[in-house]
Amino acid sequence: MTAVDPVPARVRKAEGPDRQAIVDLVIAAFGPVEGPEVVRLIADLEVDASAQPILSLVATVADRVSGHVLFSRASVETGDRELSAAILAPLAVHPEFQNAGIGGQLVMAGLRQLAATGMDLVFVLGHPDYYPRFGFAEAGVRGFDAPYPIAAKNAGAWMVLPLRPGIPGTVRVRVRCAEALNDPRYWRE
Ligand SMILES: CC(C)(COP(=O)(O)OP(=O)(O)OC[C@H]1O[C@@H](n2cnc3c(N)ncnc32)[C@H](O)[C@@H]1OP(=O)(O)O)[C@@H](O)C(=O)NCCC(=O)NCCS
């Protein structure tokens, strides 16, 4: 993939009128087979009480919605206390705007906002070549099991980013995700 010049994008919270633009860009980014499933996941998470609070952000370029990211609530029971966590999924940038830094802007804006709420951890199941640039690292070896087992050959795709120092990672724990994400089809990376 070749990087293009960074595009000046603005990142803001997604609002009701953005819905169709988000659907369109998700289908364009993920394609006609996977896209509708991702659109359904977003809709399910939006109405899922166990996913709240969700953080849904859009990137706009000249007022056109060009990228979207959603973080839903997760939690990690460590025995003595529950850590607050979010799962980053999905992230999509319209193909016309890919490789111009917009995905990065969305991820960084989300992480900043979640850190400001005092959140402990963020997880992602995604491209192991993409997310480490934001500080994500393999989660399984740090003791955090995904809601569903990840095949050993894809272990690197399940990643964690602590948002503050001193997060325990030595005890093996299973991450609990929102009901809408609690389906093996979303954990097949
Ligand atoms: C993955 C995606 C969100 C990245 O957004 P983007 O705005 O294009 O990416 P950025 O401009 O922030 O970053 C560009 C860098 O990411 C890399 N990158 C982009 N897509 C990648 C992928 N699928 N796997 C690994 N690296 C990727 C590029 O090679 C580039 O690397 P460089 O900085 O070393 O040159 C976007 O390509 C997309 O929507 N893809 C289709 C949907 C998808 O796969 N979503 C993510 C699911 S985990």
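**Ground rules.** I number residues from 1 along each chain, as its sequence is written. Since the model is predicted, local features need pLDDT of at least 70 and side-chain atom pairs count only at pLDDT 80 or more, while totals for chains, interfaces and linings use all residues.

**Ligand.** I looked up who sits around the ligand and got 18 residues, with Q98, G103, G104, G126 and H127 coming nearest. Near here means that the C-beta atom, placed from the backbone, lies within 6 Å of the molecule. The elements giving two or more residues to this shell are α1 (19–47), β4 (82–93) and α2 (102–116). Helices (H or I, at least four residues) and strands (E, at least two) are DSSP runs, numbered from the N terminus. By class I noted 10 nonpolar, seven polar and one charged; Ala, Val, Leu, Ile, Met, Phe, Trp, Tyr, Cys and Pro are nonpolar, Asp, Glu, Lys and Arg charged, and the others, Gly among them, polar.

**Strand β3.** Which strands does β3 join by bridges? I found β2 with seven, β4 with 10 and β9 (residues 173–176) with two. Pairing takes at least two DSSP bridges. β3 runs antiparallel to β2, to β4 and to β9.

Then I checked who stands opposite whom: S56 faces L70 in β3, F71 faces L88 in β4, and V76 faces V175 in β9.

**Turns.** The β2–β3 hairpin has two residues between its strands, and A62 there takes a positive phi near 50°. In the β3–β4 hairpin, with four residues between, G79 has a positive phi near 105°.
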